[in-house]
Amino acid sequence: MVSLTEERGNMTKKNVVVSDAKSGLNMAISVDVSKSSLFTTAAQKKPAGPGGFITISRKQLLQNLEINGGARVNSWVDSMRASSPTHIKSTPLSDDQNSWIDHHPSALDMFEQITNASKGKQIVMFLDYDGTLSPIVDDPDRAFMSDQMRATVRKLARNFPTAIVSGRCRDKVYGFVRLAELYYAGSHGMDIKGPSKGSKYKKGTQDILFQPANEFLPMIDEVYKSLVEKTKSTPGAKVENNKFCISVHFRCVDEKKWSELAEEVKSVLKEYPKLRLTQGRKVLEIRPTIKWDKGKALEFLLESLGYANCTDVFPVYIGDDRTDEDAFKVLRERGQGFGILVSKIPKDTNASYSLQEPSEVMDFLQRLVRWKQP
């Protein structure tokens, strides 16, 4: 296991704890991180070999973990109403919708073009969970993926490095997926762990563990308890502790109660300026105000695989939520790979392609596996 600890001494050195899972031995070492490229996007030659430790510049890391303000909650009630099932109706495609599809065509229809663009490059797969591998359901604790989807993801991981990147607690996502050969990034990338077994892409014998928001754990627990108490009077509301963040699910809340729910959440967060509030798909997310998100998690995982600054890597990220836009944006800025938005309706997105629902995601992944193994 590799974890980052507080730096001591030279600013270009980082203390790293290496734990061998089999022997139980721990050894603290100091490694040079001054030439790290965790957040560099310029394409350069591939590093020599996959071995060695993950190196992260303290200066770059602190810049990306900078505390940047309090919670912002304006206009959420209107946004919540807009995402209500009663406001999404099945209507013929408008000119704007057709235009959106032209700019974000189906990844299934464009499969040949996608695979042609990836030839000679290492595809790395990043997958959101809720709404991507599993359907959106009223009870988030019952967001189970199908056995067929699990078998598909297992085959995918045998052919490409594969990571699950979710807002959920990492342990909970693992409980849903149950595939030890994957990388898992829970809590919007604030809790990252490498494969425990079965992955040919795993580096050496150590697992990867990265948790940039550990100092916020006591605060998260306090807010979680307060929100559980505050939302008791709102039927249908569900508060979920995702370790480094909190989700307040409102998909089962009556429309007349939405305003009250938003006010209850706001009242709790007034006392915690180091936490921020954002809205996802039928969920309010409370997260630490560090500059870390699913896009940074994607970059970290590419770094850990040795592909951070390579011209021969092709990352593919599939997700359905606003929080996935951070990863889509990173891919656009890198000029490598692409994002696929899972949505039945047009949305403002940085993704290049679209799929309508998890069943289409499974079709796309199955085609990718067959293409890899003709």
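# Reading strands, burial and salt bridges in a predicted model

A: Strand S13, helix H10 (residues 325-334) and strand S14 make a right-handed β-α-β unit. A crossover is right-handed if, with the strands pointing away from the viewer, the path from the first strand over the helix to the second runs clockwise. Helices (H or I, at least four residues) and strands (E, at least two) are DSSP runs, numbered from the N terminus.

Q: What kind of model is this, and how are residues numbered?

A: This is a predicted model, in which local features need pLDDT of at least 70 and side-chain atom pairs count only at pLDDT 80 or more, while totals for chains, interfaces and linings use all residues. Residues are numbered from 1 along each chain as its sequence is written, and side-chain values use heavy atoms, with hydrogens and water left out.

Q: Which strands are joined to S14, and how do they run?

A: Two strands pair if DSSP finds at least two bridges between them. Strand S13 (residues 313-319) is joined to S14 by four bridges, and the two run parallel. Ile-318 stands opposite Ile-340 in S14. S14 and S15 also run parallel, joined by three bridges, and here Val-342 stands opposite Leu-355 in S15.

Q: Is strand S14 enclosed or open, and which way do its residues point?

A: Buried means under 20% relative accessible area, exposed over 50%, and partly exposed in between (1.4 Å probe, protein chains only). Five of the five residues of S14 (residues 338-342) are buried, so the strand is largely enclosed by the rest of the structure. In a regular strand the side chains alternate between the two faces of the sheet. Phe-338, Ile-340 and Val-342 point one way from S14, Gly-339 and Leu-341 point the other way, and all are buried.

Q: Where is Ser-354, and what does Ser-354 touch?

A: Contact means heavy atoms within 4.5 Å. Ser-354 is found in strand S15 (residues 353-355) and is buried, with a relative accessible area of 10%. Leaving out residues up to four places away in sequence, the residues touched by Ser-354 include Trp-100, His-104, Ile-340 and Leu-341. A polar atom of the Ser-354 side chain lies 2.7 Å from the backbone oxygen of His-104.

Q: How many salt bridges does a search of the whole structure find?

A: A salt bridge is a side-chain nitrogen of Lys or Arg within 4 Å of a carboxyl oxygen of Asp or Glu. The search of the whole structure finds 15. One of the networks of salt bridges links Asp-130, Asp-141, Arg-168, Lys-172, Lys-238 and Glu-240.

Q: Which residue forms a salt bridge with Arg-150?

A: Asp-147 does, with the closest N and O atoms 3.2 Å apart. Arg-150 is buried at 7% relative accessible area, whereas Asp-147 is exposed at 60%.

Q: What salt bridges does Arg-170 form?

A: Arg-170 forms one with Asp-191, the closest N and O atoms being 3.1 Å apart. That pair links distant parts of the chain, with Arg-170 in helix H6 (residues 170-177) and Asp-191 in strand S7 (residues 191-193), 21 residues apart. Arg-170 also forms a salt bridge with Asp-171, at 3.8 Å between the closest N and O atoms. Arg-170 is buried at 13% and Asp-191 is buried at 2%, but Asp-171 is exposed at 52% relative accessibility.

Methods
A polar contact is a pair of N or O atoms within 3.5 Å; within protein, one must be able to donate a hydrogen and the other to accept it, and residues adjacent in sequence count only if both atoms are side-chain atoms.
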